[in-house]
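Colleague: I'm new to this one. Could you walk me through it?

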Amino acid sequence: VRLNGLSNPDKPGLNQTGSINFYQSDVDITSSIIESNFSEDALNIIRSSFKINKSIFRNINSDAFDSDFSKGLISNSTFDHCRNDGIDISGSNITIDSVYIGNAGDKGISVGEKSVLYGKNIDIQNSEIGITSKDLSIVEIDNITLSNTKVGFTAYQKKPEYGYGKIKVDKYKLNN
């Protein structure tokens, strides 16, 4: 599937932030391209289980993928030219394997609000921040390459009702 130039729904009472939204609806997305959207999130998955495989997100107006209170897997996928975050997760449990993130305007991967992220074989290039863990989130990464990022890793408390985030990294390469 190729989805190009979508925006979020503009209907009273439908306060959806994503161009594509799944709410309490499990979904598998494979071999898809989501590009050139005009919304806060290109894809927003809420309270659902999901798998994203062999998919491309590019030329995204804000966040490419936003997971809220969900559980899922992202594998063999690309997130390129996102004005904000490549992957943004809150209150979720996510596994990432073999993902490329390039040219993220803010964070390659943002993990918040008591989320857990297990990642391996990640390549983040030309982004402001590589990975952020905040607000009691736990990030465990094995085999990551960060190239041309201003800040590689950040862990902190953003919201007063939470504590600080944690990051554990095994096997990493830093270039510039």
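Colleague: How many bridges join strand 14 to strand 16, and what makes them a pair?

Modeller: Keep in mind that the model is predicted. Five bridges join strand 14 to strand 16. Two strands pair if there are at least two bridges between them, so these two count as a pair, and they run parallel. Within this pair, Ile129 stands opposite Val151 in strand 16.

Colleague: And what makes strand 12 a partner of strand 14?

Modeller: Again, the bridges. Strand 12 (residues 107-112) is joined to strand 14 by four of them, running parallel. The cut-off is at least two, so that is a pair too. Here Ser110 faces Thr132 as its opposite residue in strand 14.

Colleague: Why is strand 14 called largely enclosed?

Modeller: Buried means under 20% relative accessible area. Six of the six residues of strand 14 (residues 129-134) are buried, so the rest of the structure largely encloses this strand.

Colleague: What joins strand 2 to strand 5?

Modeller: Five bridges join strand 2 to strand 5 (residues 41-46), and the two run parallel. Tyr23 stands opposite Ile46 in strand 5.

Methods:
Residues are numbered from 1 along each chain as its sequence is written. This is a predicted model: local features need pLDDT of at least 70, side-chain atom pairs count only at pLDDT 80 or more; totals for chains, interfaces and linings use all residues. Side-chain values use heavy atoms; hydrogens and water are left out. Helices (H or I, at least four residues) and strands (E, at least two) are DSSP runs, numbered from the N terminus. Buried means under 20% relative accessible area, exposed over 50%, partly exposed in between (1.4 Å probe, protein chains only).
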